[in-house]
Amino acid sequence: FMDIKKIIICSLVGTLLLTTAGCDTNSSATRTQYQEADSLINVAYRANDYNRLEILADSMRNAGLISDMKSSYWLGYANDKLMRKRIAEFFWNTGMAAFNPDEDKEDAEVYAEMASRLAGLKCTLGEYEAALKVAQTAVSQLQQMGHDTTSNYTNLIIYIGYCQSR
């Protein structure tokens, strides 16, 4: 059964890869491919199929169909759900470290989500100083970008308070 799923996933990714060859990144066909890639990832997410989510996030990034930021987020998310907490932490740390607010404006919400999940994970692991540093850095960054009205921003503020009380 798993082999059939892998074959289907590989064929879907392969189809997307073949259709991206030679496309202008501003064309409507390419935008459609990005939307299809997001859709495939969303289907795996809603199905709680974290192994497939992990494969898709990596494959789609390699194909240039999702950003490194989104890939890091989804790889971290999948590994967190698969109880591989340190691997999730690695991906979220990697994604946050690579975030460039001048170039990655469209991934600001992904950055906020990643920061919120990473701070929460570090709190769960009892690493309050590290969680505080993550949350404070992200809050500052989100304020500078004008993204300080989202639920992830609010979660980060809550983590700051929680860490300070610990």
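Among contacts in the protein between residues at least 6 apart in sequence, 57% join residues at least 24 apart, where contact means heavy atoms within 4.5 Å. This is a predicted model, in which local features need pLDDT of at least 70 and side-chain atom pairs count only at pLDDT 80 or more, while totals for chains, interfaces and linings use all residues. Residues are numbered from 1 along each chain as its sequence is written, and side-chain values use heavy atoms, with hydrogens and water left out.

**View 1. Helices of the protein.** Helices (H or I, at least four residues) and strands (E, at least two) are DSSP runs, numbered from the N terminus. Of the 166 residues, 40% count as buried; buried means under 20% relative accessible area, exposed over 50%, and partly exposed in between, with a 1.4 Å probe and protein chains only.

**View 2. The largest nonpolar core.** This core has 43 residues, and those with the most contacts inside it are L53, W92 and L156. The elements that give two or more residues to the core are α2 (28–46), α3 (50–62), α4, α5 (85–98), α6, α7 (128–145) and α8 (151–165). Helix α6 gives the most, with ten residues. A nonpolar core is a set of buried Ala, Val, Leu, Ile, Met, Phe, Trp, Tyr and Cys residues joined through side-chain atoms within 4.5 Å. Apart from neighbours within four places in sequence, L53 is in contact with I41, A44, Y45, W74, Y77 and A78.

**View 3. Helix α4 against helix α6.** The axes of α4 (residues 68–81) and α6 (residues 108–124) come within 10 Å and cross at roughly 30 degrees. That makes α4 roughly parallel to α6. Angles under 35 degrees count as roughly parallel, over 145 as roughly antiparallel, 65 to 115 as roughly perpendicular and the rest as oblique. Axes are lines fitted to C-alpha atoms, for helices over the stretch in contact, and angles run from 0 to 180 degrees between N-to-C directions. The crossing of α4 and α6 is left-handed, a term used if the near helix is turned anticlockwise from the far one by less than a right angle (right-handed if clockwise). From α4, the residues M69, K70, S72, Y73, Y77 and D80 meet V110, Y111, E113, M114, R117 and L121 of α6. The residues of this contact divide into seven nonpolar, one polar and four charged. Ala, Val, Leu, Ile, Met, Phe, Trp, Tyr, Cys and Pro count as nonpolar, Asp, Glu, Lys and Arg as charged, and the others, Gly among them, as polar.

**View 4. Helix α7 against helix α8.** The axes of α7 and α8 come within 9 Å and cross at roughly 145 degrees, and the crossing is left-handed. Y128, A131, L132, A135, Q136, A138, V139, L142 and Q143 in α7 meet Y153, L156, I157, Y159, I160, Y162, C163 and Q164 in α8. The contact of α7 with α8 comprises 14 nonpolar, three polar and no charged residues.

**View 5. V134 in helix α7****.** V134 counts as buried, at 11% relative accessibility. Leaving aside neighbours within four places in sequence, V134 is in contact with M96, A115, L118, A119 and K122. V134 and Y159 are 25 residues apart in sequence and 9.6 Å apart in space, C-alpha to C-alpha.

**View 6. N152 in helix α8****.** N152 is buried, with a relative accessible area of 4%. Not counting residues up to four places away in sequence, N152 touches E109, A112, E113 and S116.
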